[in-house]
Amino acid sequence: MPLRQMRGLLASMLMLAAVPALAAEAVTIPNFWNPRARLERPVPPQATRPVRFLTDDEYPPLHFAGPDGNPTGFSVELARAACEKLGLTCTVQVRRFDTLLDALQANQGDVVAAAIPLTPSLRANHRATRPYFRWPARFAVRADKSLPAPDVKVLSEHPAGVVSGTAHEAYLRTFFHVTPKTYPDLGTAEAALRRGEIAYLFGDGLALALWIGGTEAAGCCAFSGGDYLENRYFGEGTGFVTRKEDEVLARALDDALQRLWDEGKYAELYLRFFPVSPF
């Protein structure tokens, strides 16, 4: 996503954070953990120095520069909470996104806390925790149209839009059997939905959530139906990434994430950074 658009999304998110908090029951908090699955609790690594987390500061709300210039965001604050849970001293260093994995391999950091997708190729060279966030696909509609939840029949009767050449377009064509109107980028598609040129817009739930809750949408639109999380189209999500040899650290972080969910800290952070949930 272009840096200009990312900064626009950040501005929308910060403006949302400035208004009174939405009721917690209006925000869907995802659960990526099985409450009945409990592994033996690993002993946290004995660190002789702070554990160095690496992140990027241009992908809100997961990681971005706060008002004081320091890194913050859902991934960053979750990393800090995990460190506190494990009794570890940690630092957070900002690097350009495309250099994070190279910096990790060069021992310039110990853990990447950024929106790097979990893929087989990533796991071939690194170790990762279970996902703590995923990118759902969602349908957005005009809030004043009272349209039914999307399904194959509904989309055969109403025009749907999508960004051209994306996994979202492929998914629509394959599972909803429609020929959608295609747009060169999400901003153009969102404008088409706002004008009423299309009835449904199918796209990245995170970007749509920030747009729906931001000033640019001006309250025009809302989500319709549920989330779509098929790995083959929308990926496995993101987790904390370590070097292959740091198995103990990765297992300890997995345990910390589970406990943060159990104790409600995950939900607290999620509500702080996702006033409009992509789920």
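Mentor: Two residues are in contact, or touch, when they have heavy atoms within 4.5 Å. Val94, for instance, touches Thr55, Asp56, Asp57 and Pro71, not counting residues up to four places away in sequence.

Trainee: What should I know about the model and the numbering before I read further?

Mentor: This is a predicted model, in which local features need pLDDT of at least 70 and side-chain atom pairs count only at pLDDT 80 or more, while totals for chains, interfaces and linings use all residues. Residues are numbered from 1 along each chain as its sequence is written, and side-chain values use heavy atoms, with hydrogens and water left out.

Trainee: Where is the place of Val94, and how accessible is Val94?

Mentor: Val94 belongs to strand 5, which covers residues 90-94. Its relative accessible area is 39%, so Val94 is partly exposed (buried means under 20%, exposed over 50%, partly exposed in between, with a 1.4 Å probe and protein chains only). Val94 and Ala65 are 29 residues apart in sequence, and their C-alpha atoms are 9.2 Å apart in space.

Trainee: How many helices and strands does the protein have, and what share of its residues is buried?

Mentor: The secondary structure comes to 11 helices and 13 strands (DSSP runs numbered from the N terminus, helices being H or I of at least four residues and strands E of at least two). Of the 279 residues in the protein, 49% are buried. Among the contacts between residues at least 6 apart in sequence, 74% join residues at least 24 apart.

Trainee: In what order do the strands form the open sheet?

Mentor: The order is 10-9-11-8-12, five strands with mixed pairing (two strands pair if DSSP finds at least two bridges between them). Strand 10 (181-183) and strand 12 (221-228) are the edge strands, each pairing on one side only. On average, neighbouring strands of this sheet are turned by 30° against each other, direction ignored. Strand 9 (residues 160-163) and strand 10 run parallel and are joined by 3 bridges, and Gly161 stands opposite Lys181 in strand 10.

Trainee: Which helix packs on the sheet?

Mentor: Helix 7 (residues 186-195) does, touching strand 8 (137-142), strand 9, strand 10, strand 11 (200-204) and strand 12. The direction of helix 7 makes about 155° with that of strand 11 (axes are lines fitted to C-alpha atoms, for helices over the stretch in contact, and angles run from 0 to 180 degrees between N-to-C directions).

Trainee: How many residues are in the largest nonpolar core, and which have the most contacts inside it?

Mentor: A nonpolar core is a set of buried Ala, Val, Leu, Ile, Met, Phe, Trp, Tyr and Cys residues joined through side-chain atoms within 4.5 Å. The largest one here has 36 residues, and those with the most contacts inside it are Phe53, Phe74, Leu78, Tyr132, Phe133 and Phe240. Strand 1 (51-55), helix 2 (74-86), helix 8 (205-213), helix 10 (247-262) and helix 11 (265-273) each give two or more residues to this core, and the largest share, 7 residues, comes from helix 2. Leu78 touches Tyr132, Phe240, Leu257, Leu260, Tyr266 and Leu269, leaving aside residues up to four places away in sequence. A second, separate core of 17 residues includes Val154, Val162, Phe176 and Tyr200.

Trainee: At what angle does helix 2 pack with helix 11, and at what angle with helix 10?

Mentor: Angles under 35 degrees count as roughly parallel, over 145 as roughly antiparallel, 65 to 115 as roughly perpendicular and the rest as oblique. Helix 2 and helix 11 pack at about 155°, with their axes 10 Å apart, and are therefore roughly antiparallel to each other. In this pair, Phe74, Glu77, Leu78 and Ala81 of helix 2 meet Lys265, Tyr266, Leu269, Tyr270, Arg272 and Phe273 of helix 11. Helix 2 and helix 10 pack at about 100°, with their axes 9 Å apart, and are therefore roughly perpendicular to each other. This contact is made by Leu78, Ala81, Ala82, Lys85 and Leu86 of helix 2 and Ala252, Leu253, Ala256, Leu257, Arg259 and Leu260 of helix 10.

Trainee: Which residues have a positive phi, and where is the cis peptide bond?

Mentor: Most residues other than glycine have a negative phi, and most peptide bonds are trans. Asn107, which is not a glycine, has a positive phi of about 65°; it is found in the loop between helix 3 (100-105) and strand 6 (111-112). Ser146, also not a glycine, has a positive phi of about 55° and lies in the loop between strand 8 and helix 5 (152-157). Asn107 is partly exposed at a relative accessible area of 42%, whereas Ser146 counts as exposed at 72%. The cis peptide bond joins Pro60 and Pro61, with omega about 0°, and Pro61 lies in the loop between strand 2 (58-59) and strand 3 (63-65).
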